[in-house]
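Please load the model in your viewer and keep the sequence panel open beside it. The tour below moves from the whole chain to a sheet and then to a single residue.

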Amino acid sequence: MSDRYRLTTVERVREAGSWLFTIRDRYDAREEAILVPCDAGVGAWVNRCTHQPQRLDTGRGATIRDGEIVCPRHGSTFDACSGACDHGEAAGTRLRPIEVTVDDGVVYLTDDDVQYLSDGGLSAGNDGDDGDDDDGDSESDDDGGPSSTSHISF
Ligand code: FES
């Protein structure tokens, strides 16, 4: 019994170029995902490059060129349908897929491992739980330890 959640329409994804939404993954972490137009209808991917943790759609729409998603950081290109990268730093990798189903022009989230949270990205009004404010990118060397100072005088 797999539930399906109505995300948007294929037409809207084509018009917008890409469509950003937020999910909760199987590890209970919030993730961004994108829908992108492709020959088979739409591709659905976790919104993160495989080379480094770079968002493909930074909130202004992903760059799509000749059916490929272009990473804004180093320019690797990912096939919008297969998620495969054959050019750039991420060559040989594949974007993490999200399972969606298109039915009569409507795109449904049908991935049992993830749960829809909101339209848009993590910073776009997703105020679900905000207990995790630490992005962890600060290299603080807290001096909470007892013996971090020593004064030597002569
Ligand atoms: S972060 Fe995407 S190619 Fe380097």
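Each stop says what to select and what is found there.

This is a predicted model, in which local features need pLDDT of at least 70 and side-chain atom pairs count only at pLDDT 80 or more, while totals for chains, interfaces and linings use all residues. Residues are numbered from 1 along each chain as its sequence is written, and side-chain values use heavy atoms, with hydrogens and water left out.

Of its 154 residues, 38% count as buried, that is, under 20% relative accessible area with a 1.4 Å probe and protein chains only.

Next, select β5 through β8, four strands that form an open antiparallel sheet in the order β5-β6-β7-β8, where two strands pair if DSSP finds at least two bridges between them. The edge strands, each pairing on one side only, are β5 (63–65) and β8 (85–87). Within this sheet, three bridges join β6 (residues 68–70) to the antiparallel β7 (residues 77–79), and I69 has F78 of β7 as its bridge partner.

Finally, centre on V13, which lies in helix α1 (residues 10–16) and is buried, with a relative accessible area of 0%. Leaving aside neighbours within four places in sequence, V13 is in contact (heavy atoms within 4.5 Å) with residues including W19, L35 and V42. From V13, G43 is 30 residues away in sequence and 10.0 Å away in space, C-alpha to C-alpha.

Methods: Helix = DSSP H or I, 4+ residues; strand = E, 2+ residues; numbered from the N terminus. Buried < 20%, exposed > 50% of the residue type's maximum accessible area, 1.4 Å probe, protein only.
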